[in-house]
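Subject: Structure handover

Hi,

Here is the structure I promised to pass on to you. Have a look at it first, and then read on for my notes on what turned up.

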Amino acid sequence: MTMNSISMSMTDEAKPSLMYSKVYTYTGQVLPSDNTFTDYGLEITLPGMIYANALPEGQFYTIEIALDSNVWPDNRIFPCKPSANEQGIPSCNYVVHGWQTEPGDATAVRDFSYPECCPTGVSNFCSQVITTRCNPYLSDSPYRLIFDSNITTDTASEVNLILGFDDSRVLNLGSHDCSRTPIEEIQLYVNPYSISDLKSVHIGGKQVSIATRTDNEGFLLSIPSNVEFGTGVTIKLAYGAAVGPSQVCSDLVGSYLVCTFQLVGGKGDEKCCSTGDVAVASNPAPIVRVATPWDM
């Protein structure tokens with residue numbers, strides 16, 4: 001297929017915040033483009049058809065969208081509508097528009113009577129500003145941290161997460177390969193006020209000793225995981241009081257309450273610190289505050 005335009009999901013309220021958009025080729029060249037608002041959101045139209053063979057394997061185009069902070073002050077997430085494809089995590093849908101091409105010939109556009117191509121994707125977002133020297137790209141890791149459940153009584157509760165494994169999602173965008181790096185430590189940024197009731201942390205059903213500390217990004221739990229490569233594991237935070245997940249993960253990204261996390265493994269220049277957000281709840285009346293576009 002060709003690539004003629006890209007549509008980003010965008011709320012009607014945020015449309016007046018658009019200042020400009022730019023499309024960069026893999027060489028850094030800026031392509032002229034036009035912006036159009038649609039029911040879906042923002043459509044960025046390219047100067048002509050971009051053929052698939054114009055993009056070398058492993059390279060990518062970059063889209064830069066600037067918003068007026070007086071209208072949309074949340075600089076950590078794009079103001080999109082909730083994603084139907086990735087429910088429960090901070091993410092935005094997008095669509096790539098183009099025409100079908102003849103099989104085996106990327107530059108031969110089929111007759112326009114053939115239906116238009118419109119593959120849909122999801123862009124995830126990460127709330128943490130990356131300052132470390134290790135590879136932070138979550139897209140380079142086969143591991144994902146997701147919220148599983150919350151069990152609460154009057155006197156005790158637990159927040160359950162799952163560290164899942166799926167090596168079909170690895171992109172290898174970073175400076176070194178994290179696709180086969182075991183996870184030695186999970187750094188989970190939590191609300192420090194929830195720590196007083198934390199009684200224990202369990203990895204795969206076994207209690208582990210944790211450490212706590214504060215860095216430039218906030219208060220974190222350092223959880224030793226030593227997860228064997230290729231396997232997933234359950235993580236349980238056990239509390240001696242009725243503590244809900246939104247009290248543990250209270251950082252607001254768009255309409256989601258999240259905990260930022262880092263999955264740490266490797267050594268020296270080959271260290272990985274895959275970074276993302278695990279969303280535990282949706283806030284029906286979000287307070288706008290900060291988020292950085294993430295992935296890849």
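Cys249 and Cys259 are joined by a disulfide, with the sulfurs 2.0 Å apart. The link is left-handed, with -100° about the S-S bond of Cys249 and Cys259. Cys249 sits in the loop between α1 (245-248) and β17 (251-253), while Cys259 belongs to strand β18, so the bond ties together parts that are 10 residues apart in sequence. Cys249 counts as buried because its relative accessibility is 4%, and Cys259 does too, at 0%. Please keep in mind that this is a predicted model.

Cys178 is bonded to Cys272, S to S 1.9 Å. The torsion about the S-S bond of Cys178 and Cys272 is about -100°, so this disulfide is left-handed. Distant parts of the chain are linked here: Cys178 is in the loop between β10 and β11, and Cys272 is in strand β19, 94 residues apart. Both Cys178 and Cys272 are buried.

Cys80 and Cys92 form a disulfide as well, S to S 2.0 Å. With a torsion of about -80° about the S-S bond, the disulfide of Cys80 and Cys92 is left-handed. Cys80 is in the loop between β6 (62-67) and β7 (91-97), and Cys92 is in strand β7, 12 residues apart. Cys80 and Cys92 are both buried.

Two cysteines without a disulfide are worth a mention. Cys117 is in no disulfide, and the nearest cysteine sulfur to it, that of Cys118, is 7.5 Å away. Cys117 counts as buried, at 17% relative accessibility. Cys118 is in no disulfide either, with the sulfur of Cys117 as its nearest cysteine sulfur at 7.5 Å. Is Cys118 buried or partly exposed? Cys118 counts as partly exposed because its relative accessibility is 45%.

Now for the packing. In soluble globular proteins, nonpolar side chains tend to be buried together. The largest nonpolar core here has 33 residues, and Leu145, Leu163, Leu188, Val190, Leu237 and Val248 are those with the most contacts inside it. At least two residues of this core come from each of β9 (143-152), β10 (157-165), β11 (183-189), β12 (198-203), β15 (218-227), β16 (233-239), β18 (256-265) and β19 (272-282). Another core lies apart from it, with 19 residues, among them Leu46, Tyr61, Phe78 and Cys92.

Leaving aside neighbours within four places in sequence, Leu188 is in contact with residues including Leu145, Leu161, Leu237 and Val278. Cys259 is also in contact with Leu188, as are Phe219, Leu220, Leu221, Thr260 and Phe261.

Finally, a few words on Ser141, in the loop between β8 (120-126) and β9. Ser141 is buried, because its relative accessible area is 2%, under the 20% cut-off. Not counting residues up to four places away in sequence, Ser141 touches Val170, Cys178 and Ser274. The side chain of Ser141 also reaches the backbone nitrogen of Tyr143, at 3.0 Å. Ser141 and Phe165 are 24 residues apart in sequence, and their C-alpha atoms are 8.9 Å apart in space.

Best wishes

Notes:
Residues numbered from 1 in each chain as written. Predicted model: local features only at pLDDT ≥ 70, side-chain atom pairs only at ≥ 80, totals over all residues. Heavy atoms only, no water. Core = buried A, V, L, I, M, F, W, Y, C linked by side-chain atoms within 4.5 Å. Buried < 20%, exposed > 50% of the residue type's maximum accessible area, 1.4 Å probe, protein only. Helix = DSSP H or I, 4+ residues; strand = E, 2+ residues; numbered from the N terminus. Contact = heavy atoms within 4.5 Å. Polar contact = N/O pair within 3.5 Å; in protein donor to acceptor, adjacent residues only side chain to side chain. Disulfide = S-S within 2.5 Å.
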